[in-house]
Amino acid sequence: MSIFERSVDISKPFSFIYFSSYFEEVFKKNYNNSYSDTVVLCIGTDRSTGDCLGPLVGYKLKDMKLKNVHVLGSLDEPVHAKNLEMYIDKLNIYTNPFIIAIDACLGKVDRIGFISIKEGPLSPGAGVNKKLPSVGHISITGIVNVSGFMEIAVLQNTRLSLVMNLANIISSGIRYNLWKYFGPNSSVAADIDGESKNTESIFQTI
């Protein structure tokens, strides 16, 4: 079986439309009603410009009011290398969560500014030689800078404007599609008045 994988160059016209379309395609392919919750896991740290893509996406999505949709990782409460395993363990509070994992990565110079979306888990920290557990049914990565030399320094010297533009497209595309699936007019969603307990309060003990 072929693995779904697409990429979007955010410098090109209609990049939001392409990303939204690809996200919808991979979500439809992998999501079904057996999942109890949908978790958007935004990985990264606010202490590094290049690695703050995940927290920025989480910050932009944390106000979503959709039943059984939870956003973990933001500028205020980032999910990073030191606490990722704890957050993965805490996912056990959900019966059968569908996980969308988001992270920044490094790549070839001609791929900077590309968003990659694919089915299957994300391997956070691989670009800076960190061994962290893989996570996610869908993985979304934004290439923020070039790999191959002094990766940590490269991440810390990444342009914020690029990371912000990547975060805008990723967060807008996810918000648009999850609203279609789980919003009040969706056939998939139940009434959001019974929205589950706020996830940030659940995880504040970490």
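In which sense do strand 4 and strand 6 pair, and over how many bridges? In this predicted model, local features rest on residues with pLDDT of at least 70 and side-chain atom pairs on pLDDT 80 or more, while totals for chains, interfaces and linings use all residues. Residues are numbered from 1 along each chain as its sequence is written, and side-chain values use heavy atoms, with hydrogens and water left out.

Strand 4 (residues 97-107) and strand 6 (residues 138-146) are paired in the parallel sense over eight bridges. Strands are DSSP runs of E of at least two residues and helices runs of H or I of at least four, both numbered from the N terminus; pairing requires at least two DSSP bridges between two strands. Within this pair, Asp103 stands opposite Thr141 of strand 6.

Helix 2 (residues 53-61) packs on the sheet and touches strand 2 (37-42), strand 3, strand 4 and strand 6, contact being heavy atoms within 4.5 Å. The direction of helix 2 makes about 135° with that of strand 2; axes are lines fitted to C-alpha atoms, for helices over the stretch in contact, and angles run from 0 to 180 degrees between N-to-C directions. Helix 5 (residues 160-182) also packs on the sheet, with contacts to strand 2, strand 3, strand 4, strand 5 (114-119) and strand 6, and its direction makes about 165° with that of strand 6.

Seven of the nine residues of helix 2 are buried, that is, under 20% relative accessible area with a 1.4 Å probe, protein chains only. Among them are Leu53, Pro55, Val57 and Leu61. The buried residues of helix 2 pack against helix 5 as well as strand 2, strand 3, strand 4 and strand 6.

Note on methods: Buried < 20%, exposed > 50% of the residue type's maximum accessible area, 1.4 Å probe, protein only.
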